[in-house]
Amino acid sequence: MDASIRDVRRTVGRGVGLSLCLLAAPTAAAQTGVAQTQNSAAQTRPAGPTTQAAAEQTALTRGRALLAEFYAVKLDALWQAFTPEVRAQWGTLADFRAYREAGVQTFGAQRQQIGERTLTRDGETFYVRSATFQRDPTTVWAIVIGFTGPRVSTFVILREGETGNDPVAGLSPRWPERP
């Protein structure tokens, strides 16, 4: 992570730093180039999933399960998985529950899943779900769950964009390439 992103995270908070990290992710074309390079190198290694691929598959499975519980306002397992730092960001379990219940009242249930993806940055593996909700069908929200080992080390909800004629939520590459 470069110094500017670290400074933003320190100054403004983890959510903004994370969104900058997600925006700085390589495009699918760049990832394909990396995958092709890795595939060439993999020909000399035994077949099998890489550590990153396994971590991202675990993040996908766990992220889906924890998000289903979050949507159902069953928050105990998610709260227990939070690191102490994430718990401190939300206050108490009662505060977190009040936040979720207010979200249900304000936005309603998930209306449409636009996309989901995983990525790994700086030792943390992220599950990102992009979705619209019943009472706000034009706004795409990104629910981001970061895992460090078995613990949830990031939990943020960010406004991702507005729906329209343009591709959204990672269904097509929208991120700038890294230099």
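**Entry 1: phenylalanine 96.** I started here and found that phenylalanine 96 has 0% relative accessibility, so it counts as buried (buried means under 20% relative accessible area, exposed over 50%, partly exposed in between, with a 1.4 Å probe and protein chains only). I noted that this is a predicted model, where local features need pLDDT of at least 70, side-chain atom pairs count only at pLDDT 80 or more, and totals for chains, interfaces and linings use all residues. I also noted that residues are numbered from 1 along each chain as its sequence is written, and that side-chain values use heavy atoms, with hydrogens and water left out.

**Entry 2: ring partners.** Which kind of aromatic pair do phenylalanine 82 and phenylalanine 96 form? I found an edge-to-face pair, 5.3 Å centre to centre with 70° between the planes. For my own reference, rings of Phe, Tyr and Trp (its six-membered ring) pair if their centres lie within 6.5 Å; planes under 30 degrees apart count as stacked, over 60 as edge-to-face and the rest as tilted. Phenylalanine 82 is in the loop between helix 5 and helix 6, while phenylalanine 96 is in helix 7, 14 residues apart. Helices (H or I, at least four residues) and strands (E, at least two) are DSSP runs, numbered from the N terminus.

I checked phenylalanine 82 next, and at 0% relative accessibility it is buried too. Its ring centre is 5.7 Å from that of phenylalanine 155 and the planes are at 50°, so this pair is tilted. Because phenylalanine 155 lies in strand 4, the pair ties together parts that are 73 residues apart in sequence. I counted up the whole structure as well: it holds 13 aromatic pairs. One aromatic cluster is formed by Phe70, Tyr71, Trp79, Phe82, Trp90, Phe96, Tyr99, Phe133 and Phe155.

**Entry 3: phenylalanine 70.** This residue belongs to helix 4 and is buried, with a relative accessible area of 3%. Leaving out residues up to four places away in sequence, phenylalanine 70 touches Leu75, Leu78, Phe96, Tyr99, Arg100, Phe155 and Ile157 (contact means heavy atoms within 4.5 Å). The C-alpha atoms of phenylalanine 70 and arginine 100 are 7.7 Å apart, although 30 residues separate the two in sequence.

**Entry 4: the core.** How many residues does the largest nonpolar core have? I read off 23, and Phe70, Leu78, Phe82, Phe96, Val152 and Phe155 have the most contacts inside it. Such a core is a set of buried Ala, Val, Leu, Ile, Met, Phe, Trp, Tyr and Cys residues joined through side-chain atoms within 4.5 Å. Helix 4 gives this core its largest share, six residues. A second, separate core of six residues includes Leu119, Phe126, Ala142 and Val144.

**Entry 5: helix 7.** I finished with the helix that carries phenylalanine 96. The buried residues of helix 7 are Phe96, Arg100 and Gly103. Seen down the axis, they fall within an arc of 55°, so they line one face of helix 7 (the arc is that of the directions from the helix axis to the C-beta atoms). On the face turned away from this buried side I found the exposed residues Ala94 and Gln105. Glycine 108 follows helix 7, and its phi is positive, near 80°.
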